[in-house]
Amino acid sequence: MKNKKLEANLSMAVSKIFSGLNMNALKYLLPLWMSPLTGATLRCTFAAAAFWVIGWFMPPEKSSAKDKWLLFLLGAFGLYGFMFLYLAGLSKTTPVSSSIFTSLQPIWVFLIMIFFYKEKATWKKILGISIGLVGALVCILTQQSDDLASDAFVGNMLCLISSIVYAVYLILSQRILSSIGAMTMLRYTFSGAAVSAIIVTFITGFDAPVFSMPFHWTPFLILMFVLIFPTTISYMLLPVGLKYLKTTVVAIYGYLILIVATIASLALGQDRFSWTQTCAIIFICIGVYLVEVAESKDKSPDPLKK
């Protein structure tokens, strides 16, 4: 089990580093080289195709028709909803701000577990949640729109909602993952997301100047990076963490997204140093830390793994 936990922690670390770089890559692409809706469609359909192909070379996994339909619906609504909201928000705000809201996922996980899974609400958890939410409010209410964030308030709100949707996806997928294989989960959740994405794109239209002529290699290569590493490889590694780590431990790896996105954004000029953003990051880090400390002292089994 120790080796499995080490593998799970390494998988989560690599997955979240790719996710942090993903924010900077997508910020470059959105909305100039592709629209958020088209970006979500490209990610979902590419990953769905990749996981079906990869699955052909892996041992078969047992699963019921009910599990497959649940995964398909979870992908169609949860995964696609998260990706669309996340891309739409990122196109209007900065990578650092969007990663701030990604770091709130442990807070949402705890709130959902308190209200729906009867998890004990200790004073440390309540204090941590409160401090984390203050950090989110600082970011939402103080960031101004500028040349790097076309509509900071709307973008931040969309990123906030996307982090809640992803927390729900994280919890539900872990419950289903306890009885099926990881590749089955990836195949059917992304298939559901791809179907939703294709239907929406059929209605709204495909908008991706990255594929238009004359051909531009830089945005195309950045798009390939997004599709292969943060989308396919990152999501392949995620179930390993979900299977062997507690839900909150998985969620706390969002810190890596925040760190990587912040360093890359400042280095690439996609964001500027801001004291209000710094305060928001500090509040959220303290809040999530308090929640995690409270969780580590709670010796009861993870409600999601019953």
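Predicted model: local features only at pLDDT ≥ 70, side-chain atom pairs only at ≥ 80, totals over all residues.

**Stop 1: the annotated stretches**

**Stop 2**

Go to the loop between α1 (2-29) and α2 (36-55), where P31 sits. Show the backbone from L30 to P31. The peptide bond there is cis, with omega near -10°. That deserves a look, because most peptide bonds are trans.

**Stop 2: helix α2**

Now select α2 itself. How far apart are its end C-alpha atoms? They are 28 Å apart, in agreement with the 28 Å that 20 residues should span at 1.5 Å a residue. Colour the helix by accessibility next. Of its 20 residues, 14 are buried, so α2 is largely enclosed by the rest of the structure.

**Stop 3: L85 on helix α3**

Pick L85, in helix α3 (residues 65-90). Is L85 buried or exposed? It counts as buried, because its relative accessibility is 16% and the cut-off for buried is under 20%. Setting aside neighbours within four places in sequence, L85 meets L158, I161, S162 and V165. Then draw a C-alpha to C-alpha distance from L85 to M157. It comes to 9.4 Å, although the two residues are 72 apart in sequence.

**Stop 4: S98 on helix α4**

Move to helix α4 (residues 95-102) and select S98. At 1% relative accessibility, S98 counts as buried. Which residues does S98 touch, beyond those up to four places away in sequence? They are M23, L90, T93 and C159.

**Stop 6**

Select residues 105-116, helix α5. From first C-alpha to last, its 12 residues reach 16 Å, close to the 16 Å expected at 1.5 Å a residue. The helix is mostly covered, with nine of its 12 residues buried. Among the buried ones are W108, F110 and M113. Q105 and P106 are on that list too.

Then step along to K118, which follows α5. Check its backbone torsion: phi is positive, near 60°.

**Stop 5: the nonpolar core**

Which residues have the most contacts inside the largest nonpolar core? F190 and Y235 do, in a core of 78 residues. Centre on Y235 and show its neighbours. Leaving out residues up to four places away in sequence, Y235 touches R43, F51, L79, F82, M83, Y166, L186, F190 and P230.

**Stop 6: the cysteines**

Show cysteine sulfur atoms. How many disulfides does a search of the whole structure find? It finds zero. Take C159, the contact of S98. C159 is in no disulfide, and the nearest cysteine sulfur, that of C139, is 8.9 Å away. C159 is buried, with a relative accessible area of 2%. C279 is in no disulfide either; its nearest cysteine sulfur, again that of C139, is 11 Å away. C279 is partly exposed, at a relative accessible area of 35%.

**Stop 7: the salt bridges at R272**

Finish with charged side chains. The whole structure holds two salt bridges. Select R272 and D146 for one of them, where the closest N and O atoms are 3.4 Å apart. This pair links distant parts of the chain, 126 residues apart. R272 is in the loop between α11 (254-268) and α12 (275-297), while D146 is in the loop between α6 (123-142) and α7 (152-177).

Through shared partners, D146, D147 and R272 join into one network.

Colour these three residues by accessibility before you leave. R272 is partly exposed at 43%, D146 is partly exposed at 36%, and D147 is exposed at 63%.

How values were computed: Residues numbered from 1 in each chain as written. Heavy atoms only, no water. Core = buried A, V, L, I, M, F, W, Y, C linked by side-chain atoms within 4.5 Å. Buried < 20%, exposed > 50% of the residue type's maximum accessible area, 1.4 Å probe, protein only. Contact = heavy atoms within 4.5 Å. Helix = DSSP H or I, 4+ residues; strand = E, 2+ residues; numbered from the N terminus. Expected span 1.5 Å × (residues − 1). Disulfide = S-S within 2.5 Å. Salt bridge = Lys/Arg side-chain N within 4 Å of Asp/Glu carboxyl O.
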